Amino acid sequence: MIDALKNIELVRKMGGRFKLTALIQKRLLELMQGGRPLIEDTEGKTQLEIVIEEIRRDKITIDYEHSDIVKPGKEKD
């Protein structure tokens, strides 16, 4: 297992395991369909490791403004 996935801070950053998992799944699909990595140092990394690193470096995140997902720390109107 990737150590970053064990880090509770990554889960909190996304607002929960479900949201983190959904973001990982969506980004993995993009990469499998030919999307380009948003980080430079991808040599020897799996696609999953690339996605986790993109999240850790704030290269990708959930677009809360254009979805019905409530941003962590905010109440739904």
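The legends below describe several close-up views of one predicted model.

Residues are numbered from 1 along each chain as its sequence is written, and side-chain values use heavy atoms, with hydrogens and water left out. Because the model is predicted, local features need pLDDT of at least 70 and side-chain atom pairs count only at pLDDT 80 or more, whereas totals for chains, interfaces and linings use all residues.

**Figure 1. Overall view of the helical protein.** The protein has 4 helices and 0 strands, where helices (H or I, at least four residues) and strands (E, at least two) are DSSP runs numbered from the N terminus. Read along the sequence, this gives the pattern α-α-α-α. The C-alpha trace spans about 45 × 25 × 15 Å along its principal axes. Of the 77 residues in the protein, 30% are buried; buried stands for under 20% relative accessible area, exposed for over 50%, and partly exposed for values in between, with a 1.4 Å probe and protein chains only. Contact is taken as heavy atoms within 4.5 Å, and among contacts between residues at least 6 apart in sequence, 45% join residues at least 24 apart.

**Figure 2. The crossing of helices α3 and α4.** The axes of helix α3 (residues 17-32) and helix α4 (residues 47-56) come within 10 Å and cross at roughly 125°; axes are lines fitted to C-alpha atoms, for helices over the stretch in contact, and angles run from 0 to 180 degrees between N-to-C directions. The two helices α3 and α4 are therefore oblique to each other, given that angles under 35 degrees count as roughly parallel, over 145 as roughly antiparallel, 65 to 115 as roughly perpendicular and the rest as oblique. The crossing of α3 and α4 is right-handed, a term used if the near helix is turned clockwise from the far one by less than a right angle, with left-handed used if anticlockwise. On the α3 side the contact is made by L20, L23, I24, R27, L28, L31 and M32, and on the α4 side by Q47, L48, I50, V51, I52, E54 and I55. Sorted by class, the contact of α3 with α4 has 11 nonpolar, 1 polar and 2 charged residues, where Ala, Val, Leu, Ile, Met, Phe, Trp, Tyr, Cys and Pro count as nonpolar, Asp, Glu, Lys and Arg as charged, and the others, Gly among them, as polar. Within α4, the residues I50, V51, I52, E53, E54 and I55 are buried.

Figure 3. The structure holds 9 salt bridges, each defined as a side-chain nitrogen of Lys or Arg within 4 Å of a carboxyl oxygen of Asp or Glu. In this view E54 forms a salt bridge with R27, with the closest N and O atoms 2.7 Å apart. The pair links distant parts of the chain, with E54 in helix α4 and R27 in helix α3, 27 residues apart. Both E54 and R27 are buried.

**Figure 4. The salt bridge of R57 with E53 and the network around it.** The side chains of R57 and E53 meet in a salt bridge, at 2.8 Å from N to O. Salt bridges that share partners join D41, K45, E53, R56 and R57 into one network. At 35% relative accessibility R57 is partly exposed, while E53, at 14%, is buried.

**Figure 5. D58 and its partner K13.** D58 is found in the segment after α4 and forms a salt bridge with K13, the closest N and O atoms being 2.5 Å apart. As K13 belongs to helix α2 (residues 8-14) and D58 to the segment after α4, the pair ties together parts that are 45 residues apart in sequence. D58 is exposed, with a relative accessible area of 55%, whereas K13 is partly exposed at 35%. Although D58 is not a glycine, its phi is positive, at about 60°.

**Figure 6. Two glycines in loops.** G15 is found in the loop between α2 and α3 and is partly exposed at 35% relative accessibility. G15 and P72 are 57 residues apart in sequence, and their C-alpha atoms are 5.0 Å apart in space. G34 is found in the loop between α3 and α4 and is exposed, with a relative accessible area of 56%. The C-alpha atoms of G34 and K71, which are 37 residues apart along the chain, are separated by 29 Å.
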